[in-house]
Amino acid sequence: MPEPSPTTASGSQSFPLDHPIFRQSIRLIRAALEPSGALLGLSPVQQDVLERLVHSSGDLTIAPDLRFSSEACERGLAALAAGAVILTDTAMAAAAVAPMARRTFANPVCSVLDWAPATPPPGGTRAAAGMALALAKHPGAVVLIGSAPTALEVLLKLVDPARTSDAVIGLAPPALVIGMPVGFVGVAESKAHLAASALPQIRLEGSRGGAGLVGAAANALLRRAWLDRAGALPGVQG
């Protein structure tokens, strides 16, 4: 595993993954969000997630739809720093997070499609079909769902403690679920079911979401966990 990046002599963080354009973008995003009060009440890591979502989407109105369950970010940070597998519902989401994972804690990044049949089962999706096998293979994973509400529903039926009648005995829940499926068919329902669950979660209400946004949220957590491990100051320094 690579060693943490050092801090600079002045005490500000040294994080080579932060491109100068990214740092400037975050400063502009922060300046735009602060007057609206969108950052009030957020912990530093929650703010990191929000700012990176805005950066990835170009959407400054995303804040009211972002939700965090209690200690979700902290559990995600701990799992990622410990090398947890990152499971995604699509190859695109895996591609969005793999570079940051490789440059920080070298977390394995897998798509549940790796366990899916070549063609969708009748009435289902490949992501949903692969989810059960992926969860069984990688207990305690950080799960990213940006495109397939069907995969989110399968996950909830398998591991949500609130659905004990449907739970599979012995199947460990994920360390964190980042649930941001995009679209209109089954999306609102799956997000509502996630919200009602006891699983640690970061979710985006409404129809917005996608591979880029779940990847952005995971990248924010990876970056923050890496900075915490290095003892660097949080946030983007001006």
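The structure is a predicted model, in which local features need pLDDT of at least 70 and side-chain atom pairs count only at pLDDT 80 or more, while totals for chains, interfaces and linings use all residues. Residues are numbered from 1 along each chain as its sequence is written, and side-chain values use heavy atoms, with hydrogens and water left out.

Helices (DSSP runs of H or I, at least four residues) and strands (runs of E, at least two) are numbered from the N terminus. Helix α8 covers residues 211–230, which is 20 residues. From its first C-alpha to its last it reaches 28 Å, close to the 28 Å expected at 1.5 Å a residue, where the expected span is 1.5 Å times one less than the number of residues. Of the 20 residues in α8, 16 are buried; buried means under 20% relative accessible area, exposed over 50% and partly exposed in between, with a 1.4 Å probe and protein chains only. After the helix comes G231, with a positive phi near 75°.

Within α8 sits N219, which counts as buried because its relative accessibility is 9%. Leaving aside residues up to four places away in sequence, N219 touches R52, A96, V97 and M100, a contact being heavy atoms within 4.5 Å.

Helix α8 also takes part in an aromatic pair. One such pair turns up in a search of the whole structure. It joins F105 and W226 edge-to-face, at 5.1 Å centre to centre and 80° between the planes. F105 lies in the loop between α4 (91–103) and β3 (109–111), and W226, 121 residues away, in helix α8. Both F105 and W226 are buried. Rings of Phe, Tyr and Trp (its six-membered ring) pair if their centres lie within 6.5 Å; planes under 30 degrees apart count as stacked, over 60 as edge-to-face and the rest as tilted.

As for cysteines, the structure holds zero disulfides (sulfur atoms of two cysteines within 2.5 Å). C73 is buried, with a relative accessible area of 1%, and C110 counts as buried at 16%.

The largest nonpolar core has 45 residues, of which L53, L66, I178, M180, I202 and L221 touch the most other members. Its largest share, 11 residues, comes from α8. Apart from this core lies another, of 22 residues, with C110, A127, A134 and L199 among them. A nonpolar core is a set of buried Ala, Val, Leu, Ile, Met, Phe, Trp, Tyr and Cys residues joined through side-chain atoms within 4.5 Å.
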